[in-house]
Structures are given as C-alpha cells and as structure tokens.
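Colleague: I have a model open and want to learn how to read its features. Can you take me through a few?

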Amino acid sequence: MCSLEPDPKKALKDCDNTQILGNIGEGRDVAMACLYLAADAPFVTGTNLNVSGGAEVTGANKGIGYAVVQALCKQFDGDVLLTGRSEERCKAAVAELQKQGMSPKYHQLDIDDQASINKLRDFVKEQYGGIDVLVNNAGIAFKQSATESFGEQARVSCGTNFTGTLNVCNTLFPLLRPHARVSNVSSFVSQMTISKCSKEIQEKFKNPSITMDQLKGLMQQFIDAAQTGSHQKQGFADWSYGMSKVGVTVMSFIQQRELNSDPREDIVVNACDPGYVDTDMTSHKGTKTVEQGADTPVYVAMLPPGTTSPKGDFVSDRTIKKWG
C-alpha cells in the first residue's frame, strides 16, 4: 500500500512512528499474539495471558480461562496459545474454539512444575522473542466438602495460587517487552480475608514498602502455622483460598513497584477480581457468566499504551477498588 504513496520510504517511516514499539510488526510478530496457559486439574481454573510477541493465559480449557481465550481471539489480531497439563482436555478446548471460527494453539504447562514453566519460557523465547500480555489466572479452590486437613489445604492452595503464579512471573517476566500488560487474577475474597486478619498481620501485608521476600515469608508463616492449627492465634484468617489470593494481590502491588524502575518502559501489572462466577470452582453458585467473569481480566490485559491508571491496583468490574 505504501508503494502507492509519492514517497514510499517516508510513508513507511510514518507508519513506523504510529506503532508503540517504533516499527511495523512482521508476520512473526503477530504469530504469537496471545499465549494462553491452562491448568486443568478437576478443581483448578486459571488464565495466564501474555500478549506481545506473545500472550499467555493459564487454566484455559474451561470456565473463566476458556472465556478469556474466546475474548482474546476476538480482540487480538494474532495467535492465542492455550496451555495446560492435560493435552487431551486442552486439545478438546482448542477444537471447540476452532468450531467457533477461532484459531488458538496449544502448549503444555503445569504451573506447579518449574521444569514445565521453563519449557514454555524457552519455547516463547525461541519462537517469538518476547511477551506482550500475561494473564495469570490458574488457581485451585477446595470444596467445602473436602476431607483434606486445613494444613494440607493451605499448603496446596498457597503452593499453586501464590507460589505457582509467582514462579510463572519470575520465569516469564524477563521476556516482557516494553508496554507489556500483566493481569494477575485475584478475587474479592482477598479483601474479605485480609479484613479477618489481626491488625498486626494486616499492617504487614498492607505495608507499601513490603518486599517480595517479606511477602513470601508471611505466606510461609501462614502455611507453617496452618500445619499446627495455630494460624488464627498468629493473626491469620481461617481461609486457605482467601489467604492465597491475599498473596496474589500483594504480589501484584510489589511487582508494579519493582517494574517502575525497570528500563523497559510502560509495563503495567494489576490484580483483578473476576467476581462471583458460575464455574466448577464455585459449584455453579456464582451470579456472573464466565464471559462476564472474563471481562475485567481481559480489560486489564489489553490496556492501551501509556496507561497510568489502573497501574499496580486492584481492579473489579473495570474499576479500581481500595484494597484491604
């Protein structure tokens, strides 16, 4: 098209100047528009979304994650890579989306397995060079009828929802490109849970200068205390899932603070709440559809260049909410 211009070189330069990265994308740049990472355990849902040279989402074979993939396929002009532990389930999800006229791809990922995370990182780096959007939604929640001890529920919930998500971030963040967007899916229950902690514990989590090491220490303190049933005595809430999402929310605040001094410009991280959604995780008691639940995670993931707000915030229904 530029060859029809009086000055083709100038026209190409003008096109370059309209792009946030300073140049027009090539075929390989859009090939990995979205990478969707899926966790598929029976009581695990999730979404890890990377959009740039790639976009990533965890927990995409059903529920909110599946709806996130649908939305990204419609909104983003590039590939969506759907990943998960079960090749069979994820390929079935891809096939269903293909029937709807979409073209997501598949790659194996288990966020509880560092080797699996490393393989995904190596694949993305080799094939696409970087990530533009990362949506971390994979998570686990025990049913009220679960027979596991509270200590075991705390260990598993925090191990997947907090530590697993943090490991994904630590491994993939070096691939984030300038202007990348990170959407960490938390929950409104993190707000409810922090309010049930002692004043002393609340102050530690809400300290604006808290470091990632300090946060990891607090989460481990909760897990250790849960093993002996002394977690409430030590000031923590009696809710393993809620405590894991407190970790995800505070992790997001810390990540943005750290990235503010990163030489890669305009990288934005937010924690978001999909709301009370009708999924397996809520035993289908939620009042929102999965499409409604996917709305805020996708909104945060697709924030335009130069966004200053929301940035390092807790977002629900596309609105910044005061947390804690």
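Modeller: We will go through strands, cores and a helix pair in this predicted model.

Colleague: Let's begin with the strands. How many bridges join strand 5 to strand 6?

Modeller: Four bridges do, and the two strands run parallel. Strand 5 covers residues 80-84 and strand 6 covers residues 105-108.

Colleague: Which unit do strand 5, helix 4 and strand 6 make?

Modeller: They make a β-α-β unit, and it is right-handed. Helix 4 spans residues 87-99.

Colleague: Now the cores. What is the general idea?

Modeller: In soluble globular proteins, nonpolar side chains tend to be buried together. Here, the largest nonpolar core has 29 residues. V68, V69, L72, L82, L97 and V135 touch the most other members. Elements giving two or more residues to this core include helix 3 (63-75), strand 5, helix 4 and strand 7 (131-136). Strand 10 (268-273) and helix 11 (290-301) do too.

Colleague: Which element gives the most to this core?

Modeller: Helix 3, with eight residues.

Colleague: Last, the helix pair. How should I describe the packing?

Modeller: Two packed helices are described by the angle between their axes and the distance between the axes. Take helix 9 (residues 212-228) and helix 10 (residues 240-259). Their axes come within 10 Å and cross at roughly 175°. Therefore helix 9 is roughly antiparallel to helix 10.

Colleague: Which residues of helix 9 make the contact?

Modeller: M212, L215, M219 and F222. Helix 10 contributes residues including M243, G247, V250 and I254.

Key: Residues numbered from 1 in each chain as written. Predicted model: local features only at pLDDT ≥ 70, side-chain atom pairs only at ≥ 80, totals over all residues. Heavy atoms only, no water. Pairing = 2+ DSSP bridges. Right-handed = clockwise from strand over helix to strand, strands pointing away. Core = buried A, V, L, I, M, F, W, Y, C linked by side-chain atoms within 4.5 Å. Buried < 20%, exposed > 50% of the residue type's maximum accessible area, 1.4 Å probe, protein only. Axes fitted to C-alpha atoms, helices over the stretch in contact; angles between N-to-C directions. Parallel < 35°, antiparallel > 145°, perpendicular 65-115°, else oblique. Contact = heavy atoms within 4.5 Å.
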